Amino acid sequence: MDSSKYQKYFSTDGFWLKLKKGAKKAGSKVIYSGLLLFYAVESPKTPLRAKVQIYGALGYLILPLDLLPDLLPIVGYVDDLSALGLALASVARSIDDDVKRKAKNKLRDFLGDDVMNSKDIIDIDGQLVEQKEKESESDEHGVK
């Protein structure tokens, strides 16, 4: 998926409006992924190349009429989650502990304390660790 064409749809206000309106319907996986990307793009440690990918994925999330319209129950956010997941995998190195902390604090605001123990959140954190390990191994072997 070429996320660069969705960059123009990203705005901070649009992002927060989307999350506030659809947090419960979208689910913890979509919301947490979006928050991780949002706080990574705000981080001065995140390289410009990664920010471009993030803006594209967040723009796709905000866009109401995408491949599967978000108004459709359950399946409406599957494509958004795919776009967010691809972006997370490619920018995992930019997701540090500070980004995770901010994302989790905001996720609690949206969905309550119980969400922190959900399988979805644990899975995403595990996937980020795996992706960082793969990137480190590639760097050690000179593979880009």
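The following questions and answers examine the predicted model shown above. Residues are numbered from 1 along each chain as its sequence is written, and side-chain values use heavy atoms, with hydrogens and water left out. In this predicted model, local features need pLDDT of at least 70 and side-chain atom pairs count only at pLDDT 80 or more, while totals for chains, interfaces and linings use all residues.

Reader: Which pattern does the protein follow along the sequence?

Author: Helices (H or I, at least four residues) and strands (E, at least two) are DSSP runs, numbered from the N terminus. The protein has six helices and zero strands. Read along the sequence, the pattern is α-α-α-α-α-α.

Reader: Is S33 buried or exposed?

Author: S33 lies in helix 2. Not counting residues up to four places away in sequence, S33 touches L81, L84, L88 and I124 (contact means heavy atoms within 4.5 Å). Buried means under 20% relative accessible area, exposed over 50%, and partly exposed in between, with a 1.4 Å probe and protein chains only. The relative accessible area of S33 is 2%, so S33 is buried.

Reader: Why is the pair of W16 and F110 called stacked?

Author: Rings of Phe, Tyr and Trp (its six-membered ring) pair if their centres lie within 6.5 Å; planes under 30 degrees apart count as stacked, over 60 as edge-to-face and the rest as tilted. The structure holds eight aromatic pairs. The ring centres of W16 and F110 are 6.3 Å apart and their planes lie at 25°, so the pair is stacked.

Reader: What are F38 and Y39, a stacked or an edge-to-face pair?

Author: F38 and Y39 are both buried. They belong to a cluster that ring pairs form from F10, F15, W16, F38, Y39, Y55 and F110. The centres of the F38 and Y39 rings are 5.3 Å apart and their planes are at 80°, so the pair is edge-to-face.
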